[in-house]
Amino acid sequence: MPPPMVLPTRRVFVDALRALPLERVSGTCPICQEPFSGADVPVRLPGCGHIYCRSCISEWFHSGRPNSNTCPLDRTTLFKLPLHVLAPSGSGSGSGSGPGRARRNAHHVTLVQGGSIIAVNGMPTREGYRSIVVDLWFFTSYLFRQAENDDLDGLSVPDALLRRPIDDAIPRGMEIPRAMIEILVAVARQMMVLHSENWPRVHVLRPEDADRFTDLLERLAVGLDGIEGSLY
Ligand SMILES: [Zn+2]
Ligand SMILES: [Zn+2]
């Protein structure tokens, strides 16, 4: 099975793994070779369907190996590799001047995710905006599902509730102008509409929607550059 076009982050993927009832599982865990037991709940990987002890597969996912975002048996890619910080915070001296620069120097980091640079000096690249869009899609789908389960109208959740998936979707080390948050609230709301149209099916983010939202954020970011607003 080919990998989906957009992949969740490791945290989203691991959170979404559901324990399988023991009576529906037979055989042994491919990692520890032990029969499945109540001591360690088995989980099935979405996509390829392979079953492992939760602790065994979790250890693999967190091993830091270059292919630790794949199924150990068939190498299905399951999620984006975690962020790597290329350059730790610098001294803040050197290039740049002016109030905006001075503030940004506190976060002199380049963030890399899955081989793509998503932020330079804390400022998102196009890939960075794309990463926020993809993660926001997953986090808003959880929020929508939760709202439906709680018998709330997913389309009328207050802005304050939408802030949570937005906070979760912005990687640490990335700087987002405060004005961008309002735009992200609007994007999150559009995503909630898409979730409601798909409900109760859960849809992967279509590439054309990912592009549309990424374009929007990137275009608006250019307009926001230079605005003296506090950073988020
Ligand atoms: Zn195991
Ligand atoms: Zn597999």
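These legends describe close-up views of one predicted model. Because the model is predicted, local features need pLDDT of at least 70 and side-chain atom pairs count only at pLDDT 80 or more, while totals for chains, interfaces and linings use all residues. Residues are numbered from 1 along each chain as its sequence is written, and chains are lettered from A and ligands numbered from 1 in the order in which they are written.

**View 1. Strands β4 and β5 form a hairpin.** Helices (H or I, at least four residues) and strands (E, at least two) are DSSP runs, numbered from the N terminus. Strand β4 covers residues 110-113 and strand β5 covers residues 116-120. The two run antiparallel, joined by four bridges. Strands pair if DSSP finds at least two bridges between them. V112 faces I117 of β5. L111 has A119 as its bridge partner in β5. Two residues lie between the strands, and G114 in the turn has a positive phi of about 55°.

**View 2. Strands β5 and β6 form a hairpin too.** Strand β6 spans residues 123-124. Two bridges join β5 to β6, and the strands run antiparallel. A119 stands opposite P124 in β6. A119 is also the bridge partner of L111. Again two residues separate the strands. N121 sits in this turn, with a positive phi of about 50°.

**View 3. Helix α4 spans residues 126-149.** The helix has 24 residues. From first C-alpha to last, α4 reaches 35 Å, close to the 34 Å expected at 1.5 Å a residue. The expected span is 1.5 Å times one less than the number of residues. D151 follows α4 and has a positive phi, near 65°.

**View 4. Helix α4 packs against helix α5.** Helix α5 covers residues 159-169. The axes lie 8 Å apart, at an angle of about 140°. Axes are lines fitted to C-alpha atoms, for helices over the stretch in contact, and angles run from 0 to 180 degrees between N-to-C directions. That angle makes α4 oblique to α5. Angles under 35 degrees count as roughly parallel, over 145 as roughly antiparallel, 65 to 115 as roughly perpendicular and the rest as oblique. From α4, the contact uses I132, D135, L136, F139, T140 and L143. From α5 come L161, P165, I166, D168 and A169. Residues are in contact if their C-beta atoms, placed from the backbone, lie within 7 Å. Eight of the contact residues are nonpolar, one is polar and two are charged. Ala, Val, Leu, Ile, Met, Phe, Trp, Tyr, Cys and Pro count as nonpolar, Asp, Glu, Lys and Arg as charged, and the others, Gly among them, as polar.

**View 5. Helix α4 crosses helix α6.** Helix α6 covers residues 178-198. The axes come within 9 Å and cross at roughly 60°. The two helices are therefore oblique to each other. L136, W137, T140, S141 and F144 of α4 meet L184, V187, A188, M191, M192, H195 and S196 of α6. This contact has eight nonpolar, four polar and no charged residues.

**View 6. Helix α5 packs against helix α6.** Their axes are 9 Å apart, at an angle of about 95°. α5 and α6 are therefore roughly perpendicular to each other. D159, L162, P165 and I166 of α5 meet I181, L184, V185, A188 and R189 of α6. Seven of these residues are nonpolar, none is polar and two are charged.

Note on methods. Contact = placed C-beta atoms within 7 Å.
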